[in-house]
Every structure is written in C-alpha cells, then in structure tokens.
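This briefing is meant for a reader who is meeting the structure for the first time.

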Amino acid sequence: MKQFIGFLRKEFLHIFRDPRTMIIIFGIPVVQLMLFGKVISTDIQNAKIAILDQSHDNITRKITSKLLSSGYFVLGEELLPGEDVESVFRQGKVKMVVTFGPEFEYNLERDGKADVQLLADASDPNTARILTNYASGIISDYVKKEKLQNIQLPDQINVEVRMLYNEGLKSVYMFVPGIMAMILMLISSMMTSISISKEKELGTMEVLLASPLKPIQIVLGKVTPYLLLSFINALTIILLGVFVFGVPIKGSFFLLMGESFLFILMALSLGILISTVAPNQMVAMFISLLGLMLPTILLSGFIFPIQNMPLPLRIVSNILPPRWFIVIIRNIMLKGTGIMYIWKETMVLIFMSFTFIALSIKNFKIRLE
Amino acid sequence: MKTLFYVLQKEFIQVKRNKVMLRMIIMIPIMQMLVLVFAATYDLKNVNVFLVDQDLSSTSRKLASKIDASPFFTINNTSFNPEDGENEILNNRDDMVLVIPKGFERNLMREDKASLQLLVNAIDGQSAQIGYSYAASVIGGFNKNIIADWKGLPEFKPPYQINTVSRFWYNSELEYKWYMAPGVLALLVTLIGLNLSSTSLVKEKEDGTIEQLNVTPIRKIQFLAGKLIPFIVIALFDLSFGLFLARMVFNLPIVGNLGLVFGFGVLYLIGILGLGLFISTVADTQQQVMFVTFFFMMIFILMSGIFTPVESMPQWAQTIDQINPVYHFMRVLRMVVLKGSHFGDLIHEFVALCILGVTFLTLALKRYRKTA
Amino acid sequence: MNEKVIEVHNLVKKFGSFVANDHLNFDVYKGEIFGFLGANGAGKTTAMKILCGLSAPTSGDVKVAGFDIYKETEKVKRNIGYMSQKFSLYEDLTIAENIRFFSGIYGISPKDRKAKQEILLKNLDIESAKDSLVGSLPLGWKQKLAFSVAIFHDPKIVFLDEPTGGVDPITRRKFWDLIYEASDRGITVFVTTHYMDEAEYCNRVSIMSEGRIEALDTTENLKKQYAAKNMDEVFLKIARNTE
C-alpha cells in the first residue's frame with residue numbers, strides 16, 4: 001500500500017509539473033466553452049442586406065425601417081436601379097437583397113397588391129432560408145398591423161408554439177453537454193492512453209512491472225490522477241455552464257455527478273484498452289484523435305443532430321459512448337428527468353465499460369505471456 | 001538552386017516511404033467528404049411528431065394526414081392526452097407534439113378562428129426553429145386550401161397584400177451539402193498541410209538528423225522550402241481529389257475559375273505551413289506539436305464560419321477573425337466555387353492572406369536557427 | 001604538423017549562471033587526431049558544438065579551418081564534417097540516397113559522387129546493401145557509414161562526438177581503422193570520448209573537468225607527467241586532483 005501511494009504521488013507530479021499538459025487539461029474546456037457560449041452561434045442576427053428601392057415611397061421606407069430595426073438585418077449597401085445585384089453577391093458583401101418595384105405604394109393602393117422580391121445568396125442555404133423567412137414574416141406582420149387593422153380574416157388557423165426546455169433557443173444549451181462529453185473523452189481516454197504507451201515506449205513500463213507493484217496497482221496508479229482531473233473538469237464545465245451561461249440543472253445534481261463518474265470510468269477503461277493495443281505514443285495519439293475526437297465532435301449529436309444524418313452514420317453513432325452520455329446530460333440538466341428516463345442509456349455505458357475492461361485484461365494477459 | 005533540388009528529392013522520397021502518411025493523404029479526404037459533409041447538416045429530415053387530436057373532425061384528420069405526408073414529418077404516435085406527448089419528448093422518442101384541441105373545426109367554421117398548439121423540443125434551438133417554421137408553413141398551406149374548399153372562393157384576397165417572392169441564387173434547391181463541401185475542403189487542406197509539415201520537421205529534431213543538417217552549409221531558406229513545397233503539393237493534390245469527390249458524390253457545381261481556387265490554395269498553404277513550421281521550431285516532440293496544433297486549429301476552425309455564420313459572432317470576434325487564415329480561405333473557396341467570384345471580388349482576402357503568409361513565414365525563418 | 005586548423009583562445013560558454021566552458025585555450029594542428037576527453041557533463045559536447053557552429057560562444061576567439069566562428073559560420077560549415085552521438089543519417093532513406101542527399105548539399109557533382117560512392121561502398125564492404133534502408137542496418141555498420149558520409153566531402157576537420165557508443169570492442173577497433181585512414185588523407189580528426197583505451201589511439205589529448213581543461217599533451221608525455229601506466233590512470237589522477 002505504501003509503495004502504491006508513493007507511485008501515485010509520482011504520477012500526480014508528472015502531470016502537474018508539465019505546464020503543457022495542464023494547459024490542455026484546463027485551457028481547452030474553458031476556451032471551448034467561451035467559443036461556443038460567447039462567440040460562435042447559430043442564431044442569426046445583424047445579417048447584412050442590400051435594399052434596392054425603385055419606388056422610394058412611404059410604404060417602402062416603412063418596410064425598410066421595420067426590417068432594419070428588427071435586429072436581424074443591418075443595411076450593408078443601398079443599391080440603385082440598374083446596379084448589378086450579382087456583383088454584390090459575388091463580393092460577399094450582403095446576404096440578401098430586398099427589391100421593391102417601381103410605384104410600389106401606388107400599386108398597393110390601387111390594386112391592393114404589390115410585390116417584394118427577396119433575393120438571397122443561397123450559397124449558404126441555411127442562412128438564406130432563415131433570412132427570407134424572417135423578412136417575409138416581418139413584411140406580412142407589417143401588412144397585418146398597419147393595413148389590415150380593421151379587417152377580419154376568414155378561417156385563420158393560429159399556431160401557438162411552445163419551445164420546451166429552451167425557450168430562448170440558446171445554442172449554449174446544446175453545447176454544454178457536448179463539450180463535457182468531448183473534454184472527458186479527451187482527458188480520460190486520450191491522456192491515459194498516451195501516458196501508458198509513453199511508459200511502454202520508454203521502457204519504464206518493464207521497470208514498473210518488475211517492481212513489487214502488482215499490475216493492477218500500476219494501472220490504478222496511472223488512471224487515478226486522470227480520474228480526479230476529469231472529475232474536476234466535469235465540475236468546472238458544469239459550474240461555468242450554470243453561472244456564466246445560465247444553463248439550468250433541472251434534475252438531480254447527484255445523479256448528474258454519478259452519471260459523469262460512470263462516463264469517466266468508461267472513458268478511462270477505453271484509454272487503457274487503446275494503450276494495450278497501441279505500440280507507441282504516436283499510434284495512441286492517432287487512434288484517439290481520429291478514432292475518438294472527430295467522431296465525438298461530429299457523430300455524437302454534439303453539433304449536428306443525429307436524426308438528420310443518413311442511415312449508415314446513424315448506425316455508426318450508436319457505438320460511440322458520447323452519443324449516449326450527451327442524451328443523459330441533456331435529460332438531467334435541461335429536462336429534469338430522473339433515472340427512469342435514462343436507464344437505457346446508463347445501461348449502455350455500463351455495458352461498454354465492462355467490455356473495455358474485459359478486452360484490456362485479455363490483451364494485457366496475451367502480452368505478458 | 002541545385003541544393004534545393006536535392007532537398008526536395010529527399011523529402012519526396014521520405015513521404016513515399018511513410019506508409020502512415022500515404023494512408024492519411026488518401027483516406028482523410030475520403031473520410032471527410034463522405035462522413036463530415038453528410039454528418040454536418042442542418043437539413044431537417046425525420047422529425048417525429050406526436051399527434052394529440054382531441055377534435056377528431058374531418059378537418060383535424062385532413063391536417064394530420066397533410067403533416068404526415070410532408071417529407072419532413074412522421075406521425076409516430078397518437079393519444080388524447082397532451083401529457084403523453086410531453087412524456088414522449090422526455091423519452092427522446094418524439095421531437096414535436098401537435099395538439100389539435102376539441103372544437104377546432106367548429107371554431108374555424110363559426111368564428112373564423114381556431115388555435116393549434118405545437119410543443120417543440122428546443123434543446124437544439126436551431127433544429128427546433130427550422131422544424132417549427134416547416135410545420136407552420138405546412139399548416140399555412142393547409143389553411144389556404146380549406147379556405148378555398150369551404151368558401152368556394154378561388155383564394156381569399158385581403159384588400160391589401162404584399163407578396164414576398166423569395167429567390168435563392170446559386171443554390172435554388174437549398175442543398176446544404178453544397179455549402180459544406182467547400183468548407184470541408186478548406187479544412188482538409190489545412191489539416192493535411194499543417195500536420196504533415198510540422199510533424200516532419202519535429203521528427204528531424206527527435207531523430208537528431210536536424211543536427212547533422214545544421215553543421216552543413218545548407219541555407220535556412222532551402223531547408224524550410226524543403227519542408228514547405230512537398231506538403232503544398234500534397235495538399236493541392238488533396239484539394240483536387242476532394243473537389244473531384246464532391247463533384248462526383250454531391251454534384252457540387254463548380255462555378256468559378258479553378259485556377260483561382262488553386263492560386264489561393266498555394267497562397268494560403270504558404271501561410272498555414274509557415275505557422276506549422278513555426279510551431280514545430282518551438283516544440284521538441286511530435287506530441288507537443290500535435291497538442292499545440294490541435295488547440296489552435298480548434299479555435300481557428302470553429303471561428304472560421306465552417307459550421308456557423310461569422311456574422312452571428314460578436315463584433316470583437318469578427319475583428320479577431322481577420323487574423324484567422326482559415327476564415328479567409330474558407331470564404332474564398334465558397335465564393336469562388338459556389339458563386340464564381342472573380343479575383344477583383346477577393347482583393348480583401350488576397351491582401352489578408354498575403355500579410356498572414358509573410359508574417360508566419362518570417363516568424364518561422366526567424367525562429368529556426370541553425371544552432372542547437 | 002604546424003599549420004593550425006583550430007585556434008581557441010579564452011573560450012567561455014555560460015548557460016545562465018552555469019559555466020559550461022571556462023576559458024578554454026588550445027590549438028589543433030593539421031592532420032592530427034585530437035582527443036577531447038572528460039567525464040560526462042565536463043563540457044566536451046558544449047565545446048564541440050561551438051566549434052561546429054551549432055552554438056554561439058559567450059566570449060572568446062575561435063577560428064576553425066581558418067575562419068572566424070562568429071562571422072564566417074557558414075564558411076566553417078563548408079569545411080567540416082560532423083558525426084554526433086546519436087546516429088543521424090536518415091533511417092528511411094537508403095545508403096545511396098543518403099549519400100546523394102548530403103553530397104547534394106555540399107555541392108558535389110553527380111560524377112564525383114558516383115566515383116567516390118563506389119570507393120566508399122567497397123571500403124566498407126557494403127556494396128550489396130547500397131539500396132537497403134539505413135534503418136535496417138546493424139549498429140556497427142551504421143556508425144561506419146555515418147563516419148564515411150561525414151567525410152564524404154573531404155572536409156579539413158571532422159568532429160566526432162562519442163562516435164563509438166554502444167558497440168563492442170572489436171567493432172570499435174575497426175572504426176578506428178577508418179579514423180586512421182581519414183587522418184592519413186590529411187583530414188584532422190577531433191574526437192570526444194570517455195573510453196580511455198580510445199584515448200591511447202590519439203596523437204594528443206586534452207582532459208576536461210568541470211568546464212576547464214586540466215591537461216593537454218601527447219599521451220606519452222601525460223603518462224610520464226602523471227607517472228601512470230596508461231591513460232585510465234592519468235584520468236583518475238586528474239579527476240582526484242580536481243575534487
């Protein structure tokens with residue numbers, strides 16, 4: 001036991017003495033959260049548009065000012081009739097051009113009808129769709145409020161919408177669980193596998209194996225510091241999410257911590273498994289980076305919803321542990337559900353942990369023989 | 001000049017012998033094009049709807065079948081109790097609950113007004129919004145139809161009407177893959193170029209061969225050129241391979257001038273490889289290089305606008321993006337490939353990439369000393 | 001034997017407050033085999049790196065092959081060869097490719113290269129391995145090859161930093177045959193080592209301890225001076241004195 005504690009101390013020192021490792025461990029989560037929480041966002045605002053107003057009357061001016069005061073649009077360019085719309089798009093100056101035909105007000109008053117053209121730069125299709133939706137919404141809203149105040153429309157179906165669990169539609173709600181899954185994978189799996197395979201590569205593993213320490217103690221000694229660091233990180237991410245970005249924890253905090261602990265254990269056993277397979281650090285790093293990081297970011301539902309993916313990718317996503325963990329965290333934090341709603345996902349994680357541990361033991365034995 | 005020839009010859013032989021590297025050069029573009037482009041999509045499909053039809057009228061049934069018939073929505077389950085629907089959302093089985101309250105048809109006919117409730121799982125705000133707007137437009141279309149059916153009017157005409165006509169230029173089908181593909185190409189070129197060149201330099205450090213070179217009369221610029229040129233060639237190969245894949249698999253239209261694409265490619269690569277070489281002159285081991293590049297690339301890529309619009313970022317972040325080479329190159333690729341922008345349209349990006357390239361290369365040249 | 005190819009006056013190298021080389025003074029003459037001895041950490045490698053232009057001295061005058069080490073570093077590099085402790089040919093290139101690359105850097109014409117390469121391969125008796133990867137060769141071969149490549153461009157001086165680490169005495173003996181051959185061709189050999197049997201092979205040796213040169217003379221003179229049977233004893237006596 002005494003030897004074990006000494007060994008453990010050495011492992012902690014290794015990690016804390018290397019500033020680069022510390023930066024990776026504590027820098028990445030904070031930077032990631034800041035990026036996703038404060039910088040990048042899918043919410044569209046202040047999109048630059050151009051106005052091509054061939055009429056310049058009361059109504060076109062009013063509609064223009066409605067559009068520009070909505071917060072979604074800012075005026076990037078005022079076009080004159082005959083000016084080349086195409087070249088404005090080609091230079092990437094604006095995302096949409098709103099065109100009013102000549103004698104707009106006159107047409108509207110006389111025929112009760114006038115056309116607005118929304119030309120969108122659909123090279124970014126998502127933004128184009130959202131911008132045209134916003135703009136036509138604002139315009140029809142204007143007509144309803146200003147022009148049709150006293151007119152009863154027949155047979156109107158009114159859709160009342162409730163956005164559950166995230167009324168403000170904030171993207172950070174979606175990212176906090178994803179970042180947590182990613183960071184825990186990064187630290188638990190990648191760091192562990194690299195640190196063990198480094199020991200193998202340098203030949204110090206043999207020294208350790210020849211010492212009175214039992215193999216299980218060696219593995220525990222390697223893993224414990226990362227377990228602790230991962231746990232601290234999980235806490236940091238949750239605290240930052242709650243206090244800086246206002247993400248709620250609707251469910252039980254203890255359940256959340258318990259599930260995080262389970263996920264960390266799973267990730268550590270995966271890390272050990274990788275290190276039993278990888279002959280050196282380089283390979284361990286490649287397996288972790290290409291095999292774990294990219295799929296975690298792309299296929300686990302972290303940024304892009306799994307249900308929109310083609311079938312083969314949806315099938316692949318099922319073997320990724322973060323995919324299940326993300327569901328668990330979202331359920332606990334945002335929906336406030338208890339274990340009843342996530343027992344299936346929890347079982348999957350438990351099953352994965354056992355499989356990884358079993359495989360590692362098998363590989364380890366083969367190596368010793 | 002002759003020296004450079006020998007240096008390049010050696011670098012190319014080394015690339016040829018490195019099986020891991022060769023596999024990466026071929027596999028990464030395929031992986032990225034086939035996995036990343038398909039995975040990274042906001043195109044909504046398969047929204048599962050839970051229907052709570054308390055009205056059970058012919059109108060409510062028509063509306064339900066209209067929704068089910070839309071390519072985006074599938075009615076998964078039904079019940080009379082809205083709480084069952086919420087429960088399904090909690091269980092992640094459904095994404096949306098449509099509640100048609102009792103008296104829907106009657107209200108619509110007698111009072112000209114009726115309400116529906118739509119409960120949307122909004123944890124993923126983006127998808128929730130798109131899903132809601134699709135549902136609203138299906139319902140809106142349905143609304144127009146019934147007005148026509150019931151009143152026998154061709155279509156109701158309010159006294160004032162402003163029609164908005166939307167036209168989607170460059171991508172009228174709103175094919176999201178066309179937007180992602182050039183973005184992914186930029187990513188591809190960056191990852192390949194940066195990783196290969198920086199690990200190749202730091203490997204010489206680890207193996208001690210750099211010391212042997214440092215006692216020879218080789219010039220700094222010759223040595224760094226040896227680390228730049230082969231990897232620029234490889235990255236450009238991958239760029240064309242990626243473009244070819246995108247063309248074959250997604251039918252990506254290539255509107256602009258390919259010469260412009262590759263010209264900017266070279267300019268960008270000089271800068272980004274210069275950055276990679278700078279990182280590897282500072283680091284001692286391949287592991288350090290990997291970590292440092294991972295850290296910076298993560299920030300560069302996320303801020304480049306590949307997944308999310310740059311305009312949505314706060315102003316200060318957009319200002320910082322001016323020194324993000326990935327941002328400029330991603331813009332160039334999308335503008336040229338999708339919109340056919342000319343060189344004249346890209347002056348700003350050209351100047352920015354030139355300045356960044358010169359800066360990074362100078363840093364690498366300054367930092368790399370032929371001393372140990 | 002009186003043309004000086006290396007002149008060192010008051011060479012000092014400091015790393016922070018640590019003095020790695022403390023006022024070194026010595027000359028090396030053309031064609032001699034100069035042994036640079038000392039325990040690990042005595043400052044041998046530091047001094048050698050300065051002479052090769054890999055590291056700048058803190059102060060002092062140093063001339064190598066007639067060129068000033070501060071101002072004419074690149075000219076120095078053109079006239080020296082270097083072989084480090086760590087094997088430093090490209091393991092993923094073949095013997096012929098390594099030779100082609102290094103001769104290319106030194107500007108040797110393809111015609112000269114081919115002629116010299118044939119002699120080299122014959123000398124080392126590795127003609128059959130010409131196209132095998134250097135990484136697959138046994139260590140003894142690698143070291144001989146590294147040395148031959150280091151003098152391929154006929155430098156005035158070749159610097160060898162513990163060239164025979166990790167090999168058996170027989171291979172070491174063979175390696176020294178190569179050094180003698182080079183010396184016969186007029187190449188000055190500057191070699192660091194901590195094998196005292198190797199010191200016996202040198203014309204003159206200097207012995208360093210804690211950054212200073214404690215003794216410098218021919219091996220016979222040193223043995224006489226310290227009344228020792230062999231260099232090992234000389235070394236031990238000097239080490240004891242400085243403690």
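Helix 13 of chain B is largely enclosed by the rest of the structure, because 15 of its 15 residues are buried, a residue being counted as buried if 20 or more other C-beta atoms lie within 10 Å of its own. The model described here is a predicted one, and the points below should be read with that in mind.

**Helix 13 of chain B**

- Helix 13 of chain B covers residues 325-339, and from its first C-alpha to its last this helix of 15 residues reaches 21 Å, close to the 21 Å expected at 1.5 Å a residue.
- After helix 13 of chain B comes Gly340(B), a residue whose phi is positive, near 70 degrees.

**Parallel strands within chain B**

- Strand 1 (residues 47-53) of chain B pairs in the parallel sense with strand 2 (residues 73-79) of chain B, and the pairing runs over 6 bridges.
- Within this pair, Asn48(B) has Thr74(B), in strand 2 of chain B, as its bridge partner.
- Together with helix 3 (residues 58-69) of chain B, strand 1 and strand 2 of chain B make a β-α-β unit that is right-handed.

**Sheet of chain C**

- In chain C there is an open sheet of 4 strands, in the order 2-1-4-5, whose pairing is antiparallel; its edge strands, each of which pairs on one side only, are strand 2 (18-29) and strand 5 (67-68) of chain C.
- Strand 1 (residues 4-15) of chain C is joined to strand 2 of chain C over 8 bridges in the antiparallel sense, and Glu7(C) stands opposite Asp27(C), which belongs to strand 2 of chain C.

**Domains of chains A and B**

- Chain A is divided into domain 1, made up of 2-40 + 170-368, and domain 2, which is 47-147, and the centres of these two domains of chain A, taken over C-alpha atoms, are separated by 49 Å.
- For chain B, the domain assignment gives 10-40 + 173-367 as domain 1 and 47-151 as domain 2, with 47 Å between the centres of domain 1 and domain 2 of chain B, again taken over C-alpha atoms.

**Contact between chains A and B**

- Of the 2 pairs of chains that touch, chains A and B have the most contacts between them.
- This contact takes 87 residues from chain A and 89 residues from chain B, and helix 6 (residues 125-147) of chain A supplies the largest share of the side of chain A that touches chain B, namely 12 residues.
- On that side of chain A, the residues divide into 47 nonpolar, 23 polar and 17 charged.
- Strand 5 (residues 156-164) of chain A and strand 4 (residues 113-121) of chain B run parallel and are joined by 9 bridges, and Leu164(A) has Asn121(B), in strand 4 of chain B, as its bridge partner.

**Where chain C touches**

- Chain C brings 24 residues into contact with 19 residues of chain B, and the elements giving two or more residues to this side of chain C are helix 2 (73-78), strand 6 (80-83) and helix 3 (95-105) of chain C.
- Helix 3 of chain C gives the most to the side that touches chain B, with 5 residues, while the residues of that side of chain C divide into 10 nonpolar, 6 polar and 8 charged.
- No contact joins chain A and chain C, and the closest C-alpha atoms of these two chains lie 16 Å apart.

Note on methods
Residues are numbered from 1 along each chain as its sequence is written. Chains are lettered from A and ligands numbered from 1 in the order in which they are written. This is a predicted model: local features need pLDDT of at least 70, side-chain atom pairs count only at pLDDT 80 or more; totals for chains, interfaces and linings use all residues. Two residues are in contact if their C-beta atoms, placed from the backbone, lie within 7 Å. Ala, Val, Leu, Ile, Met, Phe, Trp, Tyr, Cys and Pro count as nonpolar, Asp, Glu, Lys and Arg as charged, and the others, Gly among them, as polar. Two strands pair if DSSP finds at least two bridges between them. Domain bounds come from an automatic or database domain assignment. The expected span of a helix is 1.5 Å times one less than its number of residues. A residue is buried if 20 or more other C-beta atoms lie within 10 Å of its own, exposed if 12 or fewer, and partly exposed in between; C-beta atoms are placed from the backbone. A crossover is right-handed if, with the strands pointing away from the viewer, the path from the first strand over the helix to the second runs clockwise.
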